[in-house]
Structure formats: structure tokens, C-alpha cells
Amino acid sequence: MLPSFSFLQLLFLLPTLLIALVLVTSVVIPYTKLRLFKKKGMTLFFFPVLGYLRNWALGYKDNGDSFKRFKEASKNHPDDRVLLSHLGNDPLILLRDAAFIKDYSQKQHFYQKVGLPDYLMPLFGTGLLLAEGDLWKHHRRIISGSFHYAALKSKVPLVQATTKEFLDKIGSEGCKEYGVINRVQEITGEVVGRIFFGEHLSQYSVDNKPLTASLTDLIMDLMLLSLSPMGLLLGPKLVQLTPSHMRIMRRIRQFRQLCHKIITDRKAQESGDKGDDLLATLLATQNAVKPEDRMSDTDIVNEFITFFSAGMDTTARAIGMTLYMLTQYPEYLEKIKKEREAFYKAGEIADMDNINKMEELHCFIKETLRCYSPIPLNLDRIALQDHKIGDIDIPKGMWVKPDFFALSYHQKHCIEPEKFDPERWKGDAAKVDPYAYTPFSGGPRNCIGQHLAMIETKVVVSEFLEKFDVKLKDGYKLKMVYRFLHEPEDEILFSLKPKK
């Protein structure tokens, strides 16, 4: 016979039941799943709810870098090809072997994005970042033409002119304390906006904020919500019911409505000349004979938000960290200055062929990205069926992602990985496994805009060095955190001295 409980007894019992439920879902279930794999000899990192994210907190606490433990993985566990961990109650395998990452990148049809993408989908839609399968292939094929060599070559003067325009606006007060990443983000945001929408992007704003600032705020708020205790415990479906999520959704709707207005305004132009930007290219597909070759207005908005985010945020951080590292290594700064004088003539329109000859700057940027990649982890993916990666069995339901820092800091691929050494990218020393150095990801889904990002970085850095002597503000101490991107916790502050 079942015992009977009074209402008061049940009321007191409820907290105990809730605690037990949390313990079962966040500790017992994930640990039980992971124990099955641990028996196969894999290194296991377990921490209730947070899982491998706990390493972020420990890395920051001990070394001022959220990814320090990932960078030290090969030194502490040189033979580990994977790390077994979890996120919330979902088991996760972090790949730490180049052959595994190559195999994984070629088996994307076995996976579906989960976790953060569930939060990002209302904002990004099914652009290249979140699209899967045939839809991704369709959009990639249409857009790729805008990123071929000839197309990018034609955009170099635009990148240079936009950079000059923003640097010329820096007054004497701005020179005293120049917040490099936030200010460079204005440049990169304007560049990608003009490449996509043309010259008139600055006339649009959201709540009196530039599109760049509004999009950055939205992405950051979604990221923080997904990694909050509430997000990890409740998951994206239940979090949708919370007031904080509803407020973000209202802002997302407002932002996307403005993007649709930009497209509508372009279509309404009376002139037969609709421009030569990416928007014009994508709008032209709407007249294609085959339906599969067309992109709807919603598709175009999805791609704009995807490119706007990637081209603005990640590139700005790459440029900011490159300029920061130049202040730390004056011997390379002098080399790059001399190279710039040879190939990047003051007052002349930048030329793609000459930019490609700037080997010292190219190697310096690559080494900066090795040490401070803005995107050291891919989005989480869940296995849709049982399969293998190399000789490891991946069961349906397992989350899998590459650990890029563990590879780029591995002695097997990088001699003296803790040393900042641009020389490693010259000559035969530069022959690194392409799946061990992946600042722009790897395989079929690598970053379509990676060459544009490198061009922007070279042009912006060159323009900075032409116009200013750059000095790091006294007392600044770099600490790296992972928010939506791997970035400095506090803004990097420069004092700029204009050259005469």
C-alpha cells in the first residue's frame, strides 16, 4: 500500500525532489554515459553541468586565458587523440588529432548542429553558418563566385578607401586612447556592409545604433543566454518561455525587419543599374530559370547577417590582435614597416598583387591567428547515426567538435608551440598539416571569406603603420576570455602618434 502525504509534507518534499532531479540529469545520467567510453581508455573531464566549459574558468583563473588548458593539452597529454567530456547532460568528444578532424569534416552529413545554433537560428536563419545539406551546398555555390580572386581583387580599393576614411576621422582626443578592436570593428563592419549592400548602409540604424553595434549586442546576449546556468539546465526550448529570451526575440525581429527594408529599398531603385555588390548578385538569382538557383529575400537576409557578423567581429579581432602583437615584438614591426615601404606605397591605390608579396606581414598574421584565433572551436554537432571517426566508434546522440588549439599547440605540428615565432611560416617550415592549423576551420565547410579577411587585415594594418606610430597604453595587461569569440577581456588601448 502506497504511503499517503499531506499537502504540507508534499510542499516540503518538493525541493528535495527538484534537487534529486537536477542531480540525476546533470550528474548521474551524463557520467554514466561517459563511463562507457572511459573504459575504452579515453581521458575524461567531468564537471556537473558545465562539463568541459569548466576548463575555460580554470584557464582564465590560473593563466588569464580561457583556452590555456586547451593549448597545454598536448604538453600534459601528448598521446591523447580525443578528450571525453560533456556539456550539460550531453556527452561530448573533443577531437585532438588532425586525421580525426579531417575525417570528421568530410562526414558532415552524419551530424546536425545543436546547442548554441538553437539560440542563434532566429537571428541568423539558414545562412551558410547554420545551413545543412543541400541548402548549404546551394547557397555556397551561388555565393562562392563573389570570393574568387578576381572578385576580391576588385574590392581592395574599397577596403583601402574605407579604412582611410575611418582613420582620417581620428582626432587628437581619439589618439590619446584608441580602443583598437571596437574602433576597427567599425571599419570591418562598414567594409562588409559596403561589399554586401553598397555605399548606403550607414543611413540605416536600429534604435539610433549602427547596424554593427546592434548585431554585436544581439549575438553577445544570445551567447550569454546559451551558456547561462538557466540555458544549460533548461535547454533552448524551455528558455524560449523566459522573459529575457522574449526581449531578445523582439530585438531580433526589429533587426531582421530593417534588413528586409534595405532589400526592398534596393529593389525600388528606378535606375536600371542595381550595383555590383553582393546584394545585386543575390537579387539577380531571383530571375533564374531554375527554382533551385534562386535566393529569396529571406535567404538574402540570412546571408547578410551571417557575413556581417563573420566579416565584422572575427576580422576586427584578428586585426586588433595583430596590432597588439606588433607592439610586443618591435623587431618584427621594423621588418614589416620596411616591407610596407616596398610593396604598399603611401598615397597609391593598394594592389592585390603587391599585397600578396608582403610575406613578413602574412607570416606575422598567421602566427597571431595560431596563438589567438578568434574561433578556436566549431559549433557543437550531434551524431545522427552510429559511425566511426578513424578507429573511434561514435554512437548516435554523441556531441562531437574539433579542438583546434590542442592541434596548433601540439609539438608534433609546431616546434616550441609556446613561442611566438612568425618564422615558422616561411619556406619548408610552413608545411603544416592543413587540419592542424585551422583558424578558418577546415574541409568543405571552411570559411568562405578567409581570403577577404586576410586582405582586410593586411590593408588595415598597413594603413595604420602608414598613418600612426602605435604604442600600447602603459599598464595594460592582456587577458583572453571566450564570449562568442576568443578575445581580450578588456579593450586593447593604444596611444597613437600621427606621422607627419
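Trainee: Let's start with the second largest pocket: how do the residues of its lining divide by class?
Mentor: Keep in mind that this is a predicted model. The lining of the second largest pocket holds 24 residues. They divide into 13 nonpolar, 9 polar and 2 charged.

Trainee: Which residues lie nearest the centre of that second largest pocket?
Mentor: The space in this pocket is about 410 Å³. Its lining has 24 residues. Those nearest the centre are His362, Phe440, Gln450, His451 and Met454.

Trainee: And which element gives the largest share of the lining of the second largest pocket?
Mentor: Among the residues nearest the pocket's centre are Gln450, His451 and Met454. Helix H8 (149-167), helix H17 (352-355), helix H18 (359-372) and H20 each give two or more residues to this lining. The largest share, 5 residues, comes from H20.

Trainee: Is the crossing of H15 and H20 left-handed or right-handed?
Mentor: Picture the two axes coming within 10 Å of each other. As H15 passes H20, the crossing is right-handed.

Trainee: How do the residues of the contact of H15 with H20 divide by class?
Mentor: On the H15 side you'll find Gly311, Thr315, Ala318, Ile319, Thr322, Leu323 and Leu326. On the H20 side, look for Ala453, Glu456, Thr457, Val460, Val461 and Phe464. Together they divide into 8 nonpolar, 4 polar and 1 charged.

Trainee: How do the residues of the contact of H8 with H10 divide?
Mentor: H8 passes H10 in a right-handed crossing. From H8 the contact includes Lys155, Leu158 and Glu165, while H10 brings residues including Glu186, Ile187 and Arg194. The tally by class is 7 nonpolar, 2 polar and 5 charged.

Trainee: Now for the cavities. How many of 30 Å³ or more does the structure hold, and how much space lies in the largest?
Mentor: Rolling a probe the size of a water molecule over the atoms shows where empty space is left. The structure holds 4 cavities of 30 Å³ or more. In the largest cavity, the space is about 80 Å³.

Trainee: Which helix gives the largest share of the lining of the largest cavity?
Mentor: Residues lining the largest cavity include Leu369, Arg370, Phe404, Phe405 and Ser408. H18 and helix H19 (404-408) each supply at least two residues. The largest share, 3 residues, comes from H19.

Trainee: What about the second largest cavity: which helix gives the most to its lining?
Mentor: The volume there is about 60 Å³. Its lining is Thr216, Ile219, Met220, Asp313, Arg317, Phe484, Leu485 and Glu487. Helix H11 (211-227) and H15 each give two or more of these residues. The most, 3 residues, comes from H11.

Trainee: Last one: how do the residues of the contact of H11 with H13 divide?
Mentor: The axes of H11 and helix H13 (residues 243-267) come within 11 Å and cross at roughly 150 degrees, and the crossing is left-handed. H11 residues including Leu211, Leu215 and Leu218 meet H13 residues including Ile248, Ile252 and Phe255. By class the contact divides into 10 nonpolar, 3 polar and 3 charged.

Notes
Residues are numbered from 1 along each chain as its sequence is written. This is a predicted model: local features need pLDDT of at least 70, side-chain atom pairs count only at pLDDT 80 or more; totals for chains, interfaces and linings use all residues. Side-chain values use heavy atoms; hydrogens and water are left out. Axes are lines fitted to C-alpha atoms, for helices over the stretch in contact, and angles run from 0 to 180 degrees between N-to-C directions. Helices (H or I, at least four residues) and strands (E, at least two) are DSSP runs, numbered from the N terminus. A crossing is left-handed if the near helix is turned anticlockwise from the far one by less than a right angle, and right-handed if clockwise. Contact means heavy atoms within 4.5 Å. Ala, Val, Leu, Ile, Met, Phe, Trp, Tyr, Cys and Pro count as nonpolar, Asp, Glu, Lys and Arg as charged, and the others, Gly among them, as polar. On a 1 Å grid over the protein atoms alone, a cavity is a set of points where a 1.4 Å probe fits but cannot get out, and a pocket is an open set with protein on both sides within 12 Å along at least five of seven lines; lining residues have an atom within 4 Å of a point. Grid points are joined across faces, edges and corners, and a volume is the space filled by probe spheres set on the points.
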